Amino acid sequence: MKRRSIWAGARNVKVFAAMAVLALLIGAFGLSLFAALPRYVAPVRVKLENRPRNDRIVQAAADGDLPAVKRMLDGGASPNSIADFGDEYVGLLSTASGAQGSEPMVRMLLDRGADVNGPDFWGGNAATSAAVAGNPEALRLLVDHGADVNADDDGANALAYAENQLREAKGENERRRYATTFAILRKAGARPSLFPFIW
């Protein structure tokens with residue numbers, strides 16, 4: 001009886017050792033494969049020096065103040081204005097397509113000549129902002145005007161943002177907004193990002 005239990009223990013050690021070696025090999029292969037994949041962080045930021053800077057009009061768009069944005073456009077402000085919001089530059093159309101923006105504001109900017117694919121600091125565009133905010137009305141309008149739904153926003157795109165926001169949505173209304181946003185992007189040809197969100 002003792003001999004069998006000693007032999008069984010030795011056999012278990014061999015199986016364990018073989019499994020440990022296999023796990024190390026798989027881990028090493030996985031790390032080398034991961035190292036070969038493209039990096040998530042874009043090495044070069046978009047240069048926006050040629051676009052007019054106007055913090056006031058972009059702030060008005062961020063506040064959802066349509067009359068103020070219209071007044072400044074009428075006064076000569078560019079629909080392609082950018083603003084410095086601390087560590088990055090953001091565009092007027094992208095801001096208008098975000099959380100406080102509205103379809104009428106986006107329409108007004110497009111009618112005034114805003115570049116539908118004007119990039120922000122990280123490479124995304126107004127469609128990216130609409131996806132992050134879950135703003136399907138603005139997104140539909142942007143898509144109808146030729147927005148690039150696959151713009152690379154530092155390794156992600158509008159579809160990845162919408163999917164992530166849908167997964168984290170709390171209430172039914174929020175889920176519905178992001179589900180609609182996701183559906184619009186898929187219909188417009190948005191491709192899934194290479195990497196899922198990990199934050």
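Two exercises with worked solutions follow.

This is a predicted model, in which local features need pLDDT of at least 70, side-chain atom pairs count only at pLDDT 80 or more, and totals for chains, interfaces and linings use all residues. Residues are numbered from 1 along each chain as its sequence is written, and side-chain values use heavy atoms, leaving out hydrogens and water.

**Exercise 1.** Describe how helix α5 (residues 103–111) and helix α7 (residues 136–144) cross.

*Solution.* Start with the axes, which are lines fitted to C-alpha atoms over the stretch in contact, with angles from 0 to 180 degrees between N-to-C directions. The axes of α5 and α7 come within 8 Å and cross at roughly 25 degrees. Therefore α5 and α7 are roughly parallel (angles under 35 degrees). Next, list the contacts (heavy atoms within 4.5 Å): Glu 103, Val 106, Arg 107 and Leu 110 of α5 meet Glu 137, Ala 138, Leu 141 and Leu 142 of α7. These residues divide into 5 nonpolar, no polar and 3 charged.

**Exercise 2.** Find which residues touch the most other members of the largest nonpolar core.

*Solution.* Begin with the term: such a core is a set of buried Ala, Val, Leu, Ile, Met, Phe, Trp, Tyr and Cys residues joined through side-chain atoms within 4.5 Å, where buried means under 20% relative accessible area with a 1.4 Å probe, protein chains only. Of its 37 residues, Ile 57, Val 69, Leu 93, Val 106, Leu 109, Leu 142 and Leu 185 touch the most other members. Helix α5 gives the most to this core, with 5 residues. Finally, check Leu 185: not counting residues up to four places away in sequence, Leu 185 touches residues including Ala 131, Leu 139 and Val 149.

Note on methods. Helices (H or I, at least four residues) and strands (E, at least two) are DSSP runs, numbered from the N terminus. Angles under 35 degrees count as roughly parallel, over 145 as roughly antiparallel, 65 to 115 as roughly perpendicular and the rest as oblique. Ala, Val, Leu, Ile, Met, Phe, Trp, Tyr, Cys and Pro count as nonpolar, Asp, Glu, Lys and Arg as charged, and the others, Gly among them, as polar. Buried means under 20% relative accessible area, exposed over 50%, partly exposed in between (1.4 Å probe, protein chains only).
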